[in-house]
Amino acid sequence: MSTSRSPHNLFCTVDLGAQYITATPYYSKIHKSFYQELLKHGIFKPLEARVEGMMAMEEGTINYITPSGMSSVVKHYLKESAGAEVLFGHQITHIYRRGPCWEVHQKEGSPEQFDVVVLTMPIPQILQLQGDIGSLLSESERQKLEDVSYSSRYALGLFYKAGVQINVPWVAKYVSNNPCIRYIATDDKKRNLVSEKFGPSVVVHTSVPFGMDHLEDATEEVQAIILEELQKLMPGLPEPESIKCQKWRYSQVTSSVADCPGQMTLLAKPLLVCGGDGFTHSNFDGCIESALKLFEVLKSSL
């Protein structure tokens, strides 16, 4: 859930990750309280625009957009976490057991000790952690984690000056006949944000095969390829004021952890537990499922 802002106008934004939230009748029912809360606060709103090329969905399925960007979902829950101190930009490198606590080392800064550690990063990054984690994993647990796979793709965000017009007959569309691009959207229109105070924004997602083929290429080179293909699909597209190219090495889980619905507890005391969509499935409801499982484990450990 990544929302980026134009460096020239902070009101001009684009979602480079998830584009909309799809709620099937089943999940609308079992996660009803979550959807109701986010709708009540205006964080979710029904997607009104038609998305060309979207796959047929189960009857009763509802798609939601986030007017303030997908990051507003995360910000809402962080705000609701009264008293929690949230720190960003801390890259964990090592985790050691120190008696009744965990000592966590980061790339920059001093080690810190915690009573409980919850890991929700992509599973390959969990396996890369140094310290005592390796000795806590059984052979079967390690194999389950190593068997998890992800798709990879690139996303491109184009920011425009106020007054620029993007003249296309659609708001969002899936592309099926291009070797590079899979999805395009005029993001401000998709999220009902059109305004005279800031310009439009366009988001482009590449196909997974393209992302995998160019995963280790320089971002600047990939950006040039995407822009070239975009001009073929949208001839006459105005020159953007700024561009952001995002590599999603771990875009979506294609094969999650087997037989571990929602979480994997590596040690009960002191608690070290792993969760996230790698233990369920890559969408909003998968994240909720894992969060609820993690909450059960945390609650039982207190």
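Helices (H or I, at least four residues) and strands (E, at least two) are DSSP runs, numbered from the N terminus. The model is predicted: local features need pLDDT of at least 70 and side-chain atom pairs count only at pLDDT 80 or more, whereas totals for chains, interfaces and linings use all residues. Residues are numbered from 1 along each chain as its sequence is written, and side-chain values use heavy atoms, with hydrogens and water left out.

View 1. Pro270 belongs to the loop between β19 (263-267) and β20 (272-275).

**View 2. Asn192 has a positive phi.** The phi of Asn192, a residue other than glycine, is near 55 degrees. Asn192 is found in the loop that lies between α7 (187-190) and β16 (201-206).

**View 3. Three strands form an open antiparallel sheet.** The strand order is β3-β6-β4. At the edges are β3 and β4 (45-46), each of which pairs on one side only. Two strands are taken to pair if DSSP finds at least two bridges between them. Strands of a sheet pair through backbone hydrogen bonds, either parallel or antiparallel. Here, β4 and β6 (residues 62-65) run antiparallel and are joined by two bridges. Pro46 stands opposite Tyr64 in β6.

**View 4. The protein chain is assigned two domains.** Domain 1 comprises 22-67 + 150-254, and domain 2 comprises 87-148 + 256-301; such bounds come from an automatic or database domain assignment. Taken over C-alpha atoms, the domain centres are 30 Å apart.

**View 5. Domain 1 and domain 2 bury area between them.** The buried area (accessible area, 1.4 Å probe, that two parts lose on being put together, summed over both) is about 1200 Å², and carbon and sulfur atoms give 62% of it. On the side of domain 1, Tyr150, Tyr250 and Val253 lose the most area to domain 2, together 47% of what that side buries.

**View 6. Residues of domain 1 touch residues of domain 2.** In contact (heavy atoms within 4.5 Å) are 13 residues of domain 1 and 16 residues of domain 2. On the side of domain 1 that touches domain 2, β3 (21-23), α2 (32-40) and β18 (253-255) each supply at least two residues. Of these elements, α2 gives the most, with three residues.
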